[in-house]
Amino acid sequence: MKKRLGNLEIGDQSETAAFVDAPQLFVLARSELADSAKDLYSYFGAAEQSLRPSPHSAESVVEAAGRTCYLSFANSSGRSTTDYIENLVRQGHESVLEHVSWTFVLTGVSRAFTHQMVRHRVGFAYSQLSQQYVDHRSIRFVIPSELLMNPDLLPSWKGAVLAQRQTYVDLVESLNSAQSNLGSRERVRSMRSAARSVLPNCVEAVIAVTGNARSWRHFLEVRGSTEGDIEMRRVCALLLSTLKQEAPSIFFDFAQQSFGDGWPIVKKIAS
Ligand SMILES: Cc1cc2nc3c(=O)[nH]c(=O)nc-3n(C[C@H](O)[C@H](O)[C@H](O)COP(=O)(O)OP(=O)(O)OC[C@H]3O[C@@H](n4cnc5c(N)ncnc54)[C@H](O)[C@@H]3O)c2cc1C
């Protein structure tokens, strides 16, 4: 019997349901200025209009946190939020950016990609699809962008991947009927642990990731422009376009550019 899990048709082992060719990003959560921030401003004698509501609420949080350093809530110089934050970034005063974070869920990314992502330790939190708790008999596989550019290579690649998935299915079913002294929950964990050993690096791995603005900037800087890592570049392009909508001032010095292979590349530009 089939059941839906987002775009995943669990139980659907057809070839058409087996492949995904693009990463997707969902915004799960963001930092926003609390109503009570105005109490802070008035506590320090700043006029109510000093706390200018920004359409990009995360930027207001960064500005208010930054103004705590010099008790400059009154904004006597009349600086705009954009100007204030861009100046923080130019001065390298980036710890202030750690006060805001975004949580994204990524789908259509490979386990190879998520393994690279989770190496980023500072300012990030992760929750990733479990290969032990979730049956992968109808999991999808991420088509490498290089093969989308060379479609004549796709049939043999798809054949190899589907054969590996069939081995996974065979292993789960054989181990399910084998003798075991484990209880049912641990038995399932054990058989999936063994069967997943044949899943390829391109198996889809859904991941939830929370990162603060400073960490996202570091991630984009380190990962966005590795020319030969197209999957990473595509995810970084998605991240950057979302983050620029969320907080353009915090990410003003990053740009998405086109690259000779037709896929985007993310670069830090002179500020
Ligand atoms: C092109 C490329 C190729 C790579 N190849 C490999 C590879 O072959 N093998 C491999 O294992 N990894 C590889 N990596 C991963 C890389 O080594 C990092 O683990 C990964 O990019 C995370 O970066 P980070 O440590 O800067 O990030 P984070 O862990 O988020 O750290 C952010 C920053 O905090 C500081 N920091 C964090 N932890 C410490 C610490 N313990 N001590 C001092 N300062 C700290 C550093 O300034 C660091 O840059 C590669 C990365 C790239 C971009």
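How are H2 and H3 oriented to each other? I looked that up before anything else.

**Ground rules.** I am working on a predicted model, where local features need pLDDT of at least 70, side-chain atom pairs count only at pLDDT 80 or more, and totals for chains, interfaces and linings use all residues. Residue numbers start from 1 along each chain as its sequence is written.

**H2 and H3.** I found an angle of about 65° between helix H2 (residues 57–70) and helix H3 (residues 81–90), with the axes 10 Å apart. Axes here are lines fitted to C-alpha atoms, for helices over the stretch in contact, and angles run from 0 to 180 degrees between N-to-C directions. H2 and H3 are therefore roughly perpendicular to each other (65 to 115 degrees counts as that; under 35 is roughly parallel, over 145 roughly antiparallel, the rest oblique). Their crossing is left-handed, meaning the near helix is turned anticlockwise from the far one by less than a right angle; clockwise would be right-handed. On the H2 side I listed Glu59, Ser60, Val62, Glu63 and Gly66, which meet Thr81, Tyr84, Ile85 and Leu88 of H3 (contact: C-beta atoms, placed from the backbone, within 7 Å). I sorted these contact residues into four nonpolar, three polar and two charged. Ala, Val, Leu, Ile, Met, Phe, Trp, Tyr, Cys and Pro count as nonpolar, Asp, Glu, Lys and Arg as charged, and the others, Gly among them, as polar.

**H8 and H9.** Next I checked helix H8 (residues 213–223) against helix H9 (residues 230–246): the axes come within 10 Å and cross at roughly 145°. Trp216, Leu220 and Arg223 of H8 touch Met232, Cys236, Leu239, Leu240 and Leu243 of H9. That contact has seven nonpolar residues, no polar ones and one charged.

**Ligand.** What surrounds the ligand? I noted Arg119, His120, Arg121, Val122, His218, Val222, Arg223 and Thr226 (near means a C-beta atom, placed from the backbone, within 6 Å). The shell has two nonpolar, three polar and three charged residues. Arg223 turns up here and also in the H8 contact with H9.

**Whole chain.** I got nine helices and 10 strands; these are DSSP runs numbered from the N terminus, helices being H or I with at least four residues and strands E with at least two. The radius of gyration is 23 Å, well over the 18 Å the globule rule gives for 271 residues, so the chain is more spread out than a compact globule. The radius is taken over C-alpha atoms, and the rule is 2.2 Å times the number of residues to the power 0.38. Along its principal axes, the C-alpha trace spans about 75 × 50 × 30 Å.

Note on methods. Contact = placed C-beta atoms within 7 Å.
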